[in-house]
Amino acid sequence: MSEEKEISFTEGPIFGSLVRFAGPVLGALVLQAAYGAVDLLVVGRFGDAASISAVGTASSFMQMVTFIITSLAMGSTVLIGQHIGEKNPKAAGNAVGTTIILFAVIGVIMTIILEAAAGPIVRILQVPDNAAAKAILYLRICSGGLLIIITYNVISGILRGIGNANLPFIFVSIACVVNIAADLLLTGLLGMDVAGVAIATVFAQLVSVIISLGIIRRQKMPIIFSLKQCRIYPVELRKILHVGIPIALQETLSQISFLVINSIVNGMGLMPSAGYGVAQKLVSFIMLIPSSVMQSVSAFVAQNIGAGQKKRAQKGYLTAMVTGVCVGIGVFLVGFLGGSTLSSLFTSDAEVIAESTSYLRGFCIDCVFTCVMFSTSGYFNGCGNSVPVMLQGITASFFVRIPVALFMASLPNASLFYIGLTTPIATLYGILFYGICFAWMRRAPKKK
C-alpha cells in the first residue's frame, strides 16, 4: 500500500497547508456528526415525538462524552505534533504508547459509570416521562460501546498530531455508510425504534476501528513505535495531562451547561423538547467549521512551536481565524433564512419544525463569533497553554450561559428564540476574555 502523505506545517504556504489539513478534518467531523443526525432522522420518520425527544437528549449526552474524550486526546495531538516539529520520532512513539494505555483505562471506568447511572442521568435531564425509557435504553446501548468510540477518537487524534487528516476522514466515511445502512435495516425495516439506531451507531464505529487498525499497520508513519511502547511513560503522561485535562475540563463544563439548557427546554414541554433536539442536530453540523478550524490551528501551532517558529504559528492562527469568519458568515445566512427547510429534513411535524426554526434564528449568529473564539482556543492549545481555554470555558458556562438561559426562560412568552440567543452571548464573553488574556500576556514581564 502506498505511503499516506503527512502535512508539514513548518514550511511552505500557510493558507494552503491549513486548507489541505482542515478540509479532511471538516469532512470527518461532518460525517461524525451525521451519526446522531441520521439516528434522529430515522426515528423522526419511523418513530414518534417521544422517540425524537429521547434520541435528541440522549445523543446530546453521548456527544458530550465524545467531546470530552476528544478534548482530553487533544493533549496527545499537541504533544505528538510538538515531537514531530522537534524531529524526535521516538518520543512521539512514547506519547502514542502512553495514550493507548491511558484511554483504555479511562474507557473501562467510564463504561461502568455510565451503565450504572443511565437512569439518574435521564431524570437529571428532565426527559419527558413518555420518552424516558427510550432515552435510558439509548444511553445504555451506546455506553456499552464506549470503548469502541474512544478507540476511534484516539486513533484520529494521534493521526492528526502527525499531520495526517486524510485517514481519519476515510475511517469515519466508512462508519457513516455502515451506520446509515444499519439504521435503515434495524429501525426502518425491523422496527426496533430507538434501540435500532443506538445499536447501529456502535456497530458502525466497530467496523471503522477494525478497518482503521488494518490500514494503519501498512502505513509508514513519521514516528518510531512498537507494542513494547504501550505503557505509561511518566514524562509523556504529565505533558499529555497538562494540556488535555484543562481542555477536557473546559469541554465537560461547557457541555454540562448545554445539558442544563436542554433540561430547561425539556421543562417547557414535549414539543419544545423535540424541536430543540432537532435544532441541536443542525447546530452540531453548523459548529463543525469552527471545530475543524480549532483542530487545524492546534496541530499547526504545535508543530511550529516544537520547531521554534513562533511567528509562523501566530500567522497561521490569524489566517485560520479570518478564513473561518468569512465562511461563518455564509453559514449564518443559511441557518437564519433556511431554518425551517433544514428542520424539515428531520421531521414532518409542523410544530416541531416551528420550535426548531425559532431556536436556530436566535443561535445562528454564533456561527461567526465562534470562529474567532475557537481559533484562539486552538492557538492556546497548540502552544501547550490550555489554562486560559479552561478558565474561559468555566466562566462562560456558569457565569454567562446558564444564568442567561434561566433569565430567557423566565421571560413572559419565553420561546426557543430567546434560549438560542444564550450561546452567542456567551461566545462574545469568551472573545472578550481571550482579548484580556492577550493584553495581560503582552504586559507581563518576559522571563530571562
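Visitor: Which radius of gyration does the protein chain have, against that of a compact globule with 448 residues?
Guide: This is a predicted model. With 448 residues, a compact globule would have a radius of gyration near 22 Å. The protein chain agrees with that figure, at 21 Å.

Visitor: How many helices and how many strands make up the secondary structure?
Guide: Helices are numbered from the N terminus. Among them are α4, residues 129–144, and α7, residues 193–216. The secondary structure of the protein chain comes to zero strands and 17 helices.

Visitor: What share of the 448 residues is buried?
Guide: Buried means under 20% relative accessible area. Ser356, at 0%, is one of the buried residues. Across the protein chain, the buried share is 59%.

Visitor: What share of the contacts with a separation of 6 or more comes from residues 24 or more positions apart?
Guide: Contact means heavy atoms within 4.5 Å. Take the contacts in the protein chain with a separation of 6 or more. Residues 24 or more positions apart account for 84%.

Visitor: How far apart are the centres of the positive and negative side chains?
Guide: The protein chain has 28 positive side chains and 17 negative ones.

Visitor: Which side chain meets Asp193 in a salt bridge?
Guide: Side chains of opposite charge can pair when their charged atoms come close. A salt bridge needs nitrogen and oxygen within 4 Å, and here the N to O distance is 3.2 Å. The count comes to one salt bridge. The partner of Asp193 is Lys134.

Visitor: Which helices does the pair of Asp193 and Lys134 tie together?
Guide: Asp193 lies in residues 193–216 and Lys134 in residues 129–144, so the pair ties together parts 59 residues apart in sequence. Those parts are helices α7 and α4.

Visitor: Is Asp193 buried or exposed?
Guide: The cut-off for buried is under 20% relative accessible area. Lys134, at 22%, counts as partly exposed. Asp193 has 18%, so it counts as buried.

Visitor: What is the phi of Asp193?
Guide: Asp193 has its place in helix α7. Asp193 is not a glycine, although its phi is positive. The value is about 55°.

Visitor: Which residues does Ile199 touch, not counting those up to four places away in sequence?
Guide: Ile199 is also found in helix α7. Its relative accessible area is 36%, so Ile199 is partly exposed. Beyond four places in sequence, Ile199 touches Ile141, Leu186 and Met192.

Visitor: Which residues is Ser356 in contact with, leaving aside neighbours within four places in sequence?
Guide: Ser356 has its place in helix α13, residues 350–363. At 0% relative accessibility, Ser356 counts as buried. Its contacts are Gly275, Val278, Ala279, Leu282 and Ser343.

Visitor: Which residues is Thr370 in contact with, leaving aside neighbours within four places in sequence?
Guide: Thr370 sits in helix α14, residues 366–382. At 1% relative accessibility, Thr370 counts as buried. Its contacts are Met287, Pro290, Ser375 and Thr427.

Key:
Residues numbered from 1 in each chain as written. Predicted model: local features only at pLDDT ≥ 70, side-chain atom pairs only at ≥ 80, totals over all residues. Heavy atoms only, no water. Helix = DSSP H or I, 4+ residues; strand = E, 2+ residues; numbered from the N terminus. Rg over C-alpha atoms; globule rule 2.2 N^0.38 Å. Buried < 20%, exposed > 50% of the residue type's maximum accessible area, 1.4 Å probe, protein only. Lys, Arg positive; Asp, Glu negative; His and termini not counted. Charge placed at Lys NZ, Arg CZ, Asp CG, Glu CD.
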